[in-house]
Amino acid sequence: MNQTRTLLFFALMFVAYLLWTEWEKDYGPHPQAATPAAQTDAGKNADGSVPSAANPANVPNESAASDGKGQLVTLSNDVLRLTIDTRGGSIVRSELLAYPDEPVTKKNPTPPPARLLDDSPEHFFAAQDGLVSNTGAAPDHRALFQAATTEAKLTDGEKSVSLDLTWTDPSGIKVVKRYTLGRTTYVVDFDQRIENGSSATWTGNAYQQLQRVPAPKANWFKAYTDPAQHSFFGAAWYSPENKFDSLSFLDFAKKPLNHAFSGGWVSMIQHYFFVAWIPPADQTVTYSSSIVDPTSATPRYLVRAFGPAIQVAPGQSTDSVARLYIGPKLQGTLDAVAPGLELTSNYGWLTIIAQPLHWLLSQLHAISGNWGVAIILLVLIIKGALLKLTDAQFRSGARMRKLQPRVQALKERYGDDRMKMQQAMMELYKKEKINPMAGCLPILITFPIFIGLLRVLSESIELRHAPFFGWIHDLSAPDPFYVLPVLYFLVTLLTQRMMSTVGMDPTQAKMMKVMPLLFGIFFAFFPSGLVLYWTVNGATSLLQQWWINRSVDKAHEKARTA
């Protein structure tokens with residue numbers, strides 16, 4: 001009985017959580033129009049002066065772009081292909097060559113690579129950088145650069161490949177932007193060399209920023225059935241003091257980012273992938289956020305890293321460097337790129353559960369070579385670890401089922417007097433040495449594991465398009481033929497038949513009859529890897545319950561005939 005109530009409670013809480021998140025998307029606070037002072041962010045300051053280091057929020061934005069069109073050039077290694085616009089040197093397109101946009105099938109053997117940065121208006125997402133100065137000319141992310149080549153590609157035998165863009169000013173200031181890619185890496189090494197050929201000291205600041213348009217709002221069906229819709233989309237950053245933090249697009253207007261610290265980074269994250277600017281760890285950088293063109297139909301959301309002051313004496317040169325990560329949320333490798341970068345998986349409060357589960361799954365995959373088999377092995381390990389708890393739970397349920405006739409007799413004796421009925425039942429449990437709470441603890445433990453695994457399967461790039469066997473080509477997507485949800489329905493139905501209904505009121509009993517069907521429908525749109533986990537977990541529990549019921553029946557029969 002208590003097991004049933006606990007299960008119902010968690011099911012209702014989980015459904016309530018999903019409904020609340022969808023309500024927030026539809027009716028929660030939305031970005032408001034920027035104040036006149038904030039709108040000066042599109043160009044010069046309100047008084048017409050050039051943006052300065054004291055006011056980093058006033059770096060020019062895309063809406064104030066200069067006339068003329070840049071040239072598109074490409075830089076690529078063996079896993080990443082970048083398209084760079086010579087207008088500002090912005091990276092406007094990135095293709096992840098190792099990650100197809102769709103699962104590989106017989107009908108579609110060579111799907112195009114997944115695209116992260118994108119220059120299409122409806123999916124606009126760009127990584128930009130530039131310089132600003134009060135004392136001389138400086139190329140911001142709108143300035144027109146020149147490229148010596150239209151394509152730079154890593155070839156066999158090379159460890160890295162670079163692409164240079166050059167900007168010159170009649171005053172004698174020259175800036176060379178160099179983008180470098182190593183082999184099998186998603187990290188772009190970025191260098192801006194400032195050469196001062198003028199007669200005065202050049203003073204300015206370097207900045208890096210990310211701009212993007214959020215994904216179009218999905219209809220209610222896609223919002224529920226597409227696992228990507230339940231993932232976090234927005235800005236995220238890390239500081240050694242406050243660790244990982246994030247800002248959803250809905251909160252850009254309410255809680256804008258404005259902090260200065262060293263040893264951190266700023267990013268835009270989404271399902272499976274993210275882009276992050278990583279300044280040098282020894283520099284104190286001002287991180288900020290804003291909304292570009294907030295009153296337009298497609299406002300752009302911006303996060304920026306504004307570096308410390310740079311001085312270049314006449315006839316001298318200096319370099320401003322940063323790194324840019326453009327790629328997947330590869331756990332186990334990202335913290336080597338920058339501290340805290342692995343937290344972009346954004347498991348939230350479930351991190352303490354989800355990260356060990358991901359590590360364990362990875363080890364099991366290394367052994368089995370199949371993520372579906374790894375999930376099955378994970379079930380067996382968890383069941384083994386909780387064997388004593390579940391054994392107590394099932395034995396309590398089996399013994400309570402044996403008390404059904406005696407409980408029914410108590411109901412007939414006490415009628416509608418619920419207090420006396422409960423007292424009589426507690427005396428009966430005490431006499432028979434049955435703990436009615438024995439079924440609660442295993443569910444309290446397994447439910448967080450269930451939710452944690454949901455996050456792992458939803459967020460782990462390793463399971464994206466990972467096949468199992470037969471018809472399941474993607475464990476992170478719903479079962480296309482609903483075979484696993486049907487199996488789960490049958491397992492739940494059989495399990496319900498074995499469960500004790502001692503003390504259960506008629507309304508609760510009716511709810512229990514429809515629960516298998518409701519959960520079958522509920523899981524029909526969950527990632528098939530999660531349904532595989534829960535189906536195997538249910539099947540092993542069913543087998544364990546059958547064995548315990550059989551042993552309890554034998555013990556009861558032996559005691560009765562003794």
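Modeller: Helices (H or I, at least four residues) and strands (E, at least two) are DSSP runs, numbered from the N terminus. The model is a predicted one, in which local features need pLDDT of at least 70 and side-chain atom pairs count only at pLDDT 80 or more, while totals for chains, interfaces and linings use all residues. Residues are numbered from 1 along each chain as its sequence is written, and side-chain values use heavy atoms, with hydrogens and water left out.

A pair of aromatic rings is described by the distance of the centres and the angle of the planes. Rings of Phe, Tyr and Trp (its six-membered ring) pair if their centres lie within 6.5 Å; planes under 30 degrees apart count as stacked, over 60 as edge-to-face and the rest as tilted. The count by this rule is 19 aromatic pairs. One of them joins Tyr99 and Phe273 in an edge-to-face arrangement, with 5.8 Å from centre to centre and 75 degrees between the planes. This pair connects distant parts of the chain, since Tyr99 belongs to strand E3 (residues 90–100) and Phe273 to strand E16, 174 residues apart. Tyr99 and Phe273 are both buried, where buried means under 20% relative accessible area, exposed over 50%, and partly exposed in between (1.4 Å probe, protein chains only).

A tilted pair is formed by Phe468 and Phe469, at 4.8 Å centre to centre and 45 degrees between the planes. Phe468 counts as buried because its relative accessibility is 16%, whereas Phe469, with a relative accessible area of 49%, is partly exposed. Elsewhere, ring pairs link Tyr488, Phe522, Phe523 and Phe526 into a cluster.

Some rings also face a charge, which sits over a ring if NZ of Lys or CZ of Arg is within 6 Å of the ring centre and within 35 degrees of the ring normal. Arg300 places its charged end over the ring of Phe124, 3.7 Å from the centre, and Arg212 lies over the face of Phe125 at 4.2 Å from the ring centre.

The nonpolar surroundings come next. A nonpolar core is a set of buried Ala, Val, Leu, Ile, Met, Phe, Trp, Tyr and Cys residues joined through side-chain atoms within 4.5 Å. The largest such core has 74 residues, and Leu75, Ile91, Phe252, Met268, Ile326 and Leu341 have the most contacts inside it. Strand E16 (residues 273–278) gives the most to this core, namely six residues. Another core, of 39 residues, lies apart from it and includes Phe468 together with Leu463, Ala466 and Met515.

Contact here means heavy atoms within 4.5 Å. With neighbours within four places in sequence set aside, Ile91 is in contact with Leu82, Thr83, Ile84, Leu117, Ala126, Ala127, Tyr179, Leu324 and Ile326.

Two backbone details complete the picture. His465 is not a glycine, yet has a positive phi of about 65 degrees; His465 sits in the loop between helix H9 (440–459) and helix H10 (483–498) and counts as buried because its relative accessibility is 17%. Asp293 likewise has a positive phi, near 50 degrees, in a residue other than glycine. Asp293 occurs in the loop between strand E17 (285–292) and strand E18 (300–312), and is partly exposed with a relative accessible area of 40%.
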